[in-house]
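Hi,

Here is the model I promised to pass on. Have a look, and my notes follow below.

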Amino acid sequence: MKKFKYSFPRLTLILIIVGMAVCLAGFILNLYVCITDGVSYAVNPAIPLVLYILMFAVTIGAGGLLVSILVSSYYSVDGKHIKTAFGFIRSSYNVKDVDVIVLDRETDKLLVYMKNESSIVIVIKSNLYTDFVQAVLDVNPAVEYAIQSVAVSYTHLTLPTNSRV
């Protein structure tokens, strides 16, 4: 099985890291309030206890999800499937159902089109595109591979002329 690490855009990486920092700060703040205030101020001690538990669960759950997305997001190609993993979210596609792989030069994305007209955008480093395509072709040589070039417009060019104005 060949694995290809998901390539996060810079802004997404920044947002994940900020989210993890917010989760950590929320956990520490909740721990501080839990230790300093406890449940003694409440008429019914069960209410703050439930709130503390919920806040710990939310900060741990959200932080765990963000760490999971950062650490275990990848694509893999094995003998039968293209598998995608985005944190806890996992998908699998049969390689025999792949119809065309297109490298779009304008967006610098690798697109996998299935025979049932669904598609996957492969977000890996561009230097791994050839390896990914080859891994798919090793399993299913019938897959068509195409490169879509950037459209060039010549309307802004001026043609040379011999006339004087």
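Are Tyr-6 and Tyr-75 buried or exposed? Tyr-6 is buried, and Tyr-75 is as well (buried is under 20% relative accessible area, exposed over 50%, partly exposed in between, with a 1.4 Å probe and protein chains only).

Before you dig in: this is a predicted model, where local features need pLDDT of at least 70, side-chain atom pairs count only at pLDDT 80 or more, and totals for chains, interfaces and linings use all residues. Residues are numbered from 1 along each chain as its sequence is written, and side-chain values use heavy atoms, leaving out hydrogens and water.

Now the core. The largest nonpolar core has 28 residues, and Val-112, Phe-132 and Val-136 have the most contacts inside it (such a core is a set of buried Ala, Val, Leu, Ile, Met, Phe, Trp, Tyr and Cys residues joined through side-chain atoms within 4.5 Å). Helix 3 gives the largest share of this core, six residues (helices are DSSP runs of H or I, at least four residues, and strands are runs of E, at least two, numbered from the N terminus).

In helix 3, residues 129-139, the buried ones are Tyr-129, Phe-132, Val-133, Ala-135, Val-136 and Val-139. Down the helix axis they fall within an arc of 155°, so they line one face of helix 3 (the arc is that of the directions from the axis to the C-beta atoms). Thr-130 and Asp-138 are exposed on the face turned away from that buried side.

Cheers
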